[in-house]
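Hi,

Here is the structure I promised to pass on.

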Amino acid sequence: MRLKDKVAIVVGAGQSPGEGVGNGRATALTFAREGAKVLCVDYNLGSAEETVDMIKKNQGTAAAFKADVTKESDIKGFVADAHKRWGRIDILHNNVGVSISGGDAELLEITEENFDATFNLFDGGYIYNANTGAVDMTVTKWASLVGGGGGIPCEDLRSFQARCKVTSRGHNLQAQLTLTDTSHAGESVTVTVDGAPFVLTINGSKAQLSTPETTAGPHTIELVDPAGCFPPRVVNCPAD
Ligand SMILES: NC(=O)c1ccc[n+]([C@@H]2O[C@H](COP(=O)([O-])OP(=O)(O)OC[C@H]3O[C@@H](n4cnc5c(N)ncnc54)[C@H](O)[C@@H]3O)[C@@H](O)[C@H]2O)c1
């Protein structure tokens with residue numbers, strides 16, 4: 001079972017009438033067969049419920065949710081529903097699509113209305129979806145300060161930001177120092193990540209650290225200022 005304990009949302013998990021199996025329904029059935037809990041989203045609730053019934057007949061776990069993927073409030077609704085039911089989201093599968101003009105129209109026959117409707121569905125829906133899903137699947141935390149920097153005169157430092165991005169696979173830890181003047185090229189400051197020092201070498205007005213994806217948290221990013229201009233600033237990155 002490759003998706004044991006995972007939570008998946010399949011948008012467009014119903015299917016249009018016909019003899020075959022739609023991509024969305026097939027995906028939902030496959031995810032469930034591999035052990036995922038599947039939220040079957042469709043604006044045709046009856047069709048999503050048929051998919052859920054098929055999953056349950058095979059001892060899978062699924063629920064149906066009525067939503068129109070072009071409406072941001074609906075998208076927020078199914079993201080919240082998945083969290084409420086199962087506490088997490090690991091997979092977001094966007095299946096919804098339509099063919100232009102309800103058929104395979106020639107390019108010059110596509111009306112403005114159909115073009116807009118198609119764009120809204122494919123791009124708007126997916127962008128909303130990615131955004132809304134990302135907000136929920138990602139915990140991003142920034143710490144900022146204005147003041148001095150490690151070894152750099154206080155008045156030259158504009159800001160320090162540390163960020164930890166939590167994905168379902170692990171963490172990306174980022175720290176960035178920005179100076180008001182650019183005369184410090186080659187100088188360095190130190191940031192600790194989980195207590196281990198990382199030296200940031202200044203390039204122009206910036207010094208940046210970006211760790212490759214690390215394992216699940218918690219992690220701590222800390223900027224220590226040897227010049228004593230500000231107390232240590234800490235960003236605590238939660239566990240997944
Ligand atoms: N089935 C194929 O062989 C195939 C092959 C290549 C590409 N595609 C494309 O993949 C996409 C999906 O194919 P399918 O076979 O799963 O289609 P499908 O019509 O069987 O399923 C799409 C589902 O999306 C739902 N839906 C449509 N608009 C929605 C909206 N705004 N909000 C929420 N739900 C909505 C429909 O009710 C339907 O249940 C289509 O764009 C299709 O052109 C399909």
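Before the details, one cut-off: I call a residue buried if 20 or more other C-beta atoms lie within 10 Å of its own, exposed if 12 or fewer, and partly exposed in between, with C-beta atoms placed from the backbone. Keep in mind that this is a predicted model, so local features need pLDDT of at least 70 and side-chain atom pairs count only at pLDDT 80 or more, while totals for chains, interfaces and linings use all residues. Residue numbers start from 1 along each chain as its sequence is written.

The overall picture: the protein has four helices and 12 strands. Those are DSSP runs numbered from the N terminus, with helices being H or I of at least four residues and strands E of at least two. Of the 240 residues, 30% count as buried. I also looked at contacts, meaning pairs whose C-beta atoms, placed from the backbone, lie within 7 Å. Among those between residues at least 6 apart in sequence, 60% join residues at least 24 apart.

Now for helix α2. It covers residues 45–57, 13 residues in all, and reaches 18 Å from first C-alpha to last, close to the 18 Å expected at 1.5 Å a residue. (The expected span is 1.5 Å times one less than the number of residues.) Its buried residues are Ser47, Ala48, Thr51, Val52 and Ile55. They cover an arc of only 150° around the axis, which puts them on the same side of α2; the arc is that of the directions from the helix axis to the C-beta atoms. The general rule behind such a pattern is that an α-helix has 3.6 residues a turn, so residues three or four places apart point the same way. What do the buried residues of α2 pack against? Their partners are α1 (23–33), β2 (37–42) and β3 (61–66). Gly46, Asp53 and Lys57, on the other side of α2, are exposed.

Helix α3 (residues 72–86) gives a similar story to tell. Its end C-alpha atoms are 21 Å apart, which agrees with the 21 Å that 15 residues should span at 1.5 Å a residue. Asp74, Ile75, Phe78, Val79 and Ala82 are the buried residues here. Seen down the axis of α3, they fall within an arc of 140°, so they line one face of the helix. Ser73 and Lys84 are exposed on the other side. Just after α3 comes glycine 87, with a positive phi of about 75°.

Glutamine 59 has a positive phi of about 65° although it is not a glycine. You will find glutamine 59 in the loop between α2 and β3, and it counts as exposed with 8 C-beta neighbours inside 10 Å. Aspartate 5 is not a glycine either, yet its phi is positive at about 70°. Aspartate 5 sits in the segment before β1 (7–11) and is exposed, with 11 other C-beta atoms within 10 Å.

Last, the ligand. How many residues surround it? There are 20, and the closest are Gly12, Gly14, Gln15, Gly22 and Gly97; a residue is near if its C-beta atom, placed from the backbone, lies within 6 Å. By class, the shell has five nonpolar, 13 polar and two charged residues. Here Ala, Val, Leu, Ile, Met, Phe, Trp, Tyr, Cys and Pro count as nonpolar, Asp, Glu, Lys and Arg as charged, and the others, Gly among them, as polar.

Cheers

Methods:
Two residues are in contact if their C-beta atoms, placed from the backbone, lie within 7 Å.
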